[in-house]
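Morning, everyone. Please look at the structure on the screen.

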Amino acid sequence: MKNKVICIIDDDPIYQLLINKIIAMSETEYDVVSFKNGKEALESFKSDLKEDKKMPEIILLDIEMPIMDGWDFMKHIEKALSGKTEKTAIYIVSSSIAYEDREKAKTFPEIMGYFSKPIDTSKILEITKHVTKGEQ
Amino acid sequence: MSFKRTWIKLSKWFLTRPNTTGTIVFLSLLLLLSFVVGLRYKVVKENQQREMSNIINVVHQNFQQILKNSYTTTLTLAMTINDEGIPEDFDKIAPKLVNSNASIDAVQLVPNGVIKYIYPYENNEAAINYDILHAPTVKEEALKSIKTKLIYFAGPLKLKQGGIGVVGRLPVYKNNKFWGFSAVIIKMNTLLELSGIKSIDDSKYYFQFSKVNPDTGKEEFFLPKKENFSKKFYQTVTIPDGDWKLYLIAQDKNGLISQVTTSTVLGFLLALISGLWVASIMKKPAKLQLQIYEQAKKILHSEIEFKTLFEQAPVGIARVEMDSGNFLAVNDEFCRIVGYDKKELNKINFQKITHPDDMAQDVSYMEKLKEGSIDEFTIEKRYLHKTGKTVWGNLIVSRLSKSDGTPTNNIAIIEDITEKKRADEELKQSFEIVSEQNKRLLNFSYIVSHNLRSHTSNIETISNFLETAETKDERDEMISLLKKVSASLNETMSNLNEVVSIRTNINLTTESLNLHDYIEKAKTVLSEQITKKGAVIHNEVAHNIEVNYNTAYLESILLNFISNAVRYSHPDRKPEIYISYDEKAKTLKIKDNGIGIDMAKNGEKLFGMYKTFNGNPDSKGIGLFITKSQIEAMGGRIETESELNKGTSFTIYFK
């Protein structure tokens, strides 16, 4: 098992399937963890923290989701995981190309970047490289 | 009443003519004082005459006395003459007579007109042997006494022995034959002294003593002041024994007048000063009167101006009594705004024509104005027009105060802003509609782009995989994925199509629908779902409730709400749904005891497209979005109340 984790939070099952394939094809050192919405992800992270497990290195976050959308997730992660998400790089990956969404993303300092779907291997590599650089 | 008016008119006439009034006062006083002075003059004159006649009478009496004494003396002396015509004891008797009579300076006997005996002899010896009957100057008077056979006083004349005096001669007859004269000599000085002429107070009067000269026939005056006194006041007495005339003359003709001159002058001055004083006093009121008249003219002018301004102002103006709010005066525009005429308005107060919703605010401002905590206020308020309609006015109210600051009443200026308000309202409404539509449009375009893009991006990724797929399995997997994407894209498209059709359907046909029946119909459609959940639906809507609605929309709305209420039931209890209608508010209420919605968190997103909050696999997030669109398309709106784990109630407003 590779020790680095990339977390996908998206309600679209087809997308989930496709992104898994892409990451696998990109031959990175990352494992993939998927969640259907923000709430599921948040609860998982909370329990991980209790067990002292480490946080994922990268989160690819969708905006439009039922139950808890991307923005709500951001608000909660700031509160619940404050001080513990430093190592986690959050990227928005949304089908939205709306200017408002891009601008809103900038208001969260934890969000490292904004990508519009579709995502391909080159974009994944770009993200992982960026994160690796940041760590060094 | 008419007298009073005449009096006012008269006094006004005088007040405006100070010079005339002054002159009148002057003349009136002058007349009065002249009368008084005239009276006084008369009194003074009478006094003077009385005094003069007193004085002259005394002097006259004294003269009479002297003459009587002289007569007695001459008679006594004549008796000394014996029958032979020889005086006896002249030397003895004469001194006695002279000495006992202060008025007599000398006595003489004059037989045959020749002075033979005289006493006292000293100083008189020059007269001895003076033949008077043959002396031209004295002859006439001597002869006169012989003629009358009475004593006669000659002179005053120059005495032979010196000095001036009068000579009283008594003709003496012996045996009926003229013997001569028995005479007395009274010196002028003695006569004047004894008669009292000398002792007169000559500041006021003086005497004159006269005799008509028998030779010349002219009146001769013997006392020093000989000037003509005929024009002066005088009184006179005649003494026939000597043909004398005695005059008492007032010193000065003007003496009498001088006594009243002071009064006259003072009176004149008094009248003059009074006249001037009255005139000067009245000039001030006259000036004031003139000023008042000018001011009144100005006031009248500005009054007319203000009246015109008030009446013809393009804004409503009303004067309102502070305590009661009664209208005291209103102009035409105000009448037009509220639709009442002036007479009607004068009987009511502003509260009567104020819209009930604006009453509290207006009255509270009026109170503040009365307290003095504000001087004026401006509000937009509604009036109830006489016809019952509502008119909008922009109201400015200021307090009118007396000069000492006590408030009297308020002045209100009202601008009719009904049209403006209506335009504003329309503008606001259309703005709301436009912005709402715009919001919906934006939301919709977002939905469209998002929902379509999520599919297209998947298709793009799949097609990339298809290109690079090396095995048939890989390719088949991708194709089956593509089919899934296609199906969901199709669903999305049909949903969007439905939404678009609701929104573009402007001319919806509506008909009167029985609400109760349609609820029952929906229950029938959903009977399978209801039975499965064991739900109880209470249709509390009365049988006679009819709503004007589009049939398809009403069905869709009812189905959506009821199925939602059944679907999102609470796991701990059987769903119970109450449907009721409020006839007054025209609202339909659908209340459930389901899981509820976190309104704080999701209230905004509740009616958004593709929004789901509960992880229920059946929820697609399209139902409420469509329902809302349909309600709004029918001109209504929707309200939500909800509490997590307790239940939700939706209130649908019919237009």
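Which residues in H2(B) meet which residues in H5(B)? One thing before I answer: this is a predicted model. From H2(B) we have Val59(B), Asn62(B), Phe63(B) and Ile66(B). Across from them, H5(B) brings Leu191(B), Leu194(B) and Ser195(B). Sort the residues of this contact by type and you get 5 nonpolar, 2 polar and no charged.

How do we describe such a pair? Two packed helices are described by the angle between their axes and the distance between those axes. Here helix H2 of chain B covers residues 18-79, and helix H5 of chain B covers residues 188-195. Their angle is about 130°, and the axes lie 8 Å apart. So H2(B) is oblique to H5(B).

Now to the two chains. The size of an interface is often given as the accessible area lost when the parts come together. Chain A and chain B bury about 2,100 Å² between them. Of that, 59% is on carbon and sulfur atoms. In chain A, the residues that lose the most area to chain B are Ile14(A), Glu64(A) and Ile67(A). Together they make up 28% of what that side buries. By residues, the contact takes 23 from chain A and 21 from chain B.

What about charges? There is 1 salt bridge between chain A and chain B. Lys21(A) forms it with Glu477(B), and the closest N and O atoms are 3.4 Å apart. On the side of chain A that touches chain B, helix H1 of chain A, residues 13-26, gives the most, with 7 residues. That whole side divides into 12 nonpolar, 4 polar and 7 charged residues.

Key. Residues numbered from 1 in each chain as written. Chains lettered and ligands numbered in written order. Predicted model: local features only at pLDDT ≥ 70, side-chain atom pairs only at ≥ 80, totals over all residues. Heavy atoms only, no water. Contact = heavy atoms within 4.5 Å. Buried area = accessible area lost by both parts, 1.4 Å probe. Salt bridge = Lys/Arg side-chain N within 4 Å of Asp/Glu carboxyl O. Helix = DSSP H or I, 4+ residues; strand = E, 2+ residues; numbered from the N terminus. Nonpolar A, V, L, I, M, F, W, Y, C, P; charged D, E, K, R; others polar. Axes fitted to C-alpha atoms, helices over the stretch in contact; angles between N-to-C directions. Parallel < 35°, antiparallel > 145°, perpendicular 65-115°, else oblique.
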